[in-house]
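Subject: Structure handover

Hello,

Here is the structure I promised you. Please open it and keep it beside these notes.

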Amino acid sequence: MTNPRMLLPPESSSPSPAPKIGFVSLGCPKALTDSELILTQLSAEGYATVKTYAGADLVIVNTCGFIDEAVKESLDAIGDALAANGRVIVTGCLGAKADAGGANLVRQMHPSVLAVTGPHATQEVMDAVHRHVPKPHDPFVDLVPAQGIKLTPRHYAYLKISEGCNHRCTFCIIPSLRGDLVSRPVGDVLGEGRRLFESGVKELLVVSQDTSAYGVDVKYRTGFWEGRPVKTRLLDLCEQLGAMAEPFGAWVRLHYVYPYPHVDEIVPLMAQGRILPYLDVPFQHAHPNVLKRMKRPASGEKNLDRLQRWRELCPEIVVRSTFIAGFPGETEAEFETLLDFMRVAQIDRAGCFAYSPVEGAVANELPGALPAELREERRARFMAVAEQVSAAKLQRRVGATMQVLVDAAPALGRKGGVGRSYADAPEIDGSVRLLPPEKASKQLRVGEFTRARIVGTQGHDLVALPV
């Protein structure tokens with residue numbers, strides 16, 4: 001234990017008054033280094049640290065929770081800060097401690113604190129500071145917007161939740177390039193999601209190499225978001241993102257979802273409208289022998305069962321997928337199994353690649369390499385079946401009224417525009433071609449939603465009239 005300390009970084013001059021943060025550090029040297037990281041970030045972002053509670057815009061208390069004496073000292077320090085200032089953020093070991101009933105101990109004892117995090121949570125602390133005392137902004141120094149630099153249009157953005165992959169698919173070299181799965185801390189992911197929504201994003205596209213495996217590498221450990229414990233697990237992440245998106249009227253879309261059984265737990269969130277009823281699932285093939293040579297984690301029959309279950313839970317779900325035709329050793333019978341799978345599975349959106357030997361891929365060493373002409377021919381045959389399935393599904397939407405996110409609208413849509421429904425991810429799926437509105441007062445704006453009645457189809461696209 002150490003005595004409570006009001007900590008100050010080196011003084012620096014500032015052209016304008018900086019927000020003032022009080023800081024109390026308790027506990028062991030590990031807690032002290034956490035305090036140093038937070039103070040460093042505060043200083044880097046232009047905040048000032050002050051010695052008195054009364055003169056601060058808020059107070060951060062870094063706590064200890066190892067023994068009863070430390071718990072009492074930390075709770076007393078929080079109480080003193082609340083009494084003197086009233087605006088307190090709590091971090092450190094006590095922030096992760098639960099009472100006998102399983103509730104957060106700090107929240108139970110001091111319900112008026114602004115936020116609570118566990119230890120080693122610099123970003124979560126800074127996110128809480130930003131919410132309650134906006135970050136100083138100097139246009140000559142701080143040139144990066146809160147959401148970072150994005151290469152997508154303003155109204156949609158990708159949110160990467162992990163890096164790397166634990167699978168060793170024989171056609172893929174991603175693990176050799178990016179390594180094994182490393183999940184981002186759930187608090188960091190949710191913090192970025194919040195900033196993106198606040199910046200005007202209306203569609204958040206969750207991506208990774210294996211979205212379903214989020215948290216496997218850290219054994220689904222509990223992180224913190226706004227003082228609440230959240231497991232590093234896809235279901236919990238989706239629940240939080242769905243709740244976060246709702247007040248912004250925004251969409252959350254999942255990509256690269258492997259068909260593991262626990263994905264069934266996420267589909268009810270789609271049925272409830274909390275995240276989009278859309279799954280991007282890379283099936284790759286359907287014949288068990290081909291999947292085995294690919295070292296894929298499922299069989300065609302299991303995938304059909306999974307699809308049936310998802311549609312039972314959420315009838316409006318849309319599934320898009322990618323496949324490989326002409327994999328080494330693929331027989332005509334194995335390829336026909338893939339075509340049969342497509343007809344039975346009724347995949348809404350499908351893409352197909354003719355197998356291409358990527359340098360360094362194990363599949364290159366497999367026997368039975370097919371000629372390039374045959375690989376291309378099978379890809380074309382696959383796409384003919386896939387397009388037939390997709391066209392029939394699109395035709396069934398004629399007459400329906402759908403919510404459409406507008407991607408393009410010259411002259412405020414007086415000449416029509418282009419958008420996407422929940423069934424269309426940007427750049428990889430079709431689109432909704434919007435006709436000029438019948439009402440002169442009806443306008444279309446990029447990045448906003450409109451209701452549109454589907455009146456026809458055009459290739460992979462729908463044609464709709466804004467209403």
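In β21, L465 is the bridge partner of R453. That pair belongs to an antiparallel pairing: β20 (residues 449–458) and β21 (residues 461–466) are joined by 6 bridges. Bear in mind that this is a predicted model.

Both strands sit in a barrel. Its 5 strands close in the order β17-β18-β19-β21-β20. The pairing there is mixed. From one strand to the next, the twist averages 50°.

Next, a hairpin. β11 and β12 form it, with 2 residues between them. E226 lies in the turn and has a positive phi of about 50°. The strands, β11 at residues 222–225 and β12 at residues 228–231, run antiparallel and are joined by 4 bridges.

Which residues line the second largest cavity? They are T117, E124, F224, W225, E226 and G227. So E226 turns up again, but here as a lining residue. The volume is about 30 Å³. By type, the lining divides into 2 nonpolar, 2 polar and 2 charged residues. The count of cavities of 30 Å³ or more comes to 2.

Now the largest pocket. Its volume is about 890 Å³. The lining has 33 residues, and F171, I174, Y256, Q284 and T322 lie nearest the centre. Of the lining residues, 21 are nonpolar, 7 polar and 5 charged.

Last, helix α6, residues 186–198.

Is α6 mostly covered or mostly open? It is mostly covered, with 10 of the 13 residues buried. Buried here means under 20% relative accessible area. The buried residues are V186, G187, V189, L190, G191, E192, G193, R194, L196 and F197. Note that E192 and R194 are on that list. After the helix comes G200, with a positive phi near 110°.

Over to you.

Best wishes

Notes
Residues are numbered from 1 along each chain as its sequence is written. This is a predicted model: local features need pLDDT of at least 70, side-chain atom pairs count only at pLDDT 80 or more; totals for chains, interfaces and linings use all residues. Side-chain values use heavy atoms; hydrogens and water are left out. On a 1 Å grid over the protein atoms alone, a cavity is a set of points where a 1.4 Å probe fits but cannot get out, and a pocket is an open set with protein on both sides within 12 Å along at least five of seven lines; lining residues have an atom within 4 Å of a point. Grid points are joined across faces, edges and corners, and a volume is the space filled by probe spheres set on the points. Ala, Val, Leu, Ile, Met, Phe, Trp, Tyr, Cys and Pro count as nonpolar, Asp, Glu, Lys and Arg as charged, and the others, Gly among them, as polar. Two strands pair if DSSP finds at least two bridges between them. Axes are lines fitted to C-alpha atoms, for helices over the stretch in contact, and angles run from 0 to 180 degrees between N-to-C directions. The expected span of a helix is 1.5 Å times one less than its number of residues. Buried means under 20% relative accessible area, exposed over 50%, partly exposed in between (1.4 Å probe, protein chains only).
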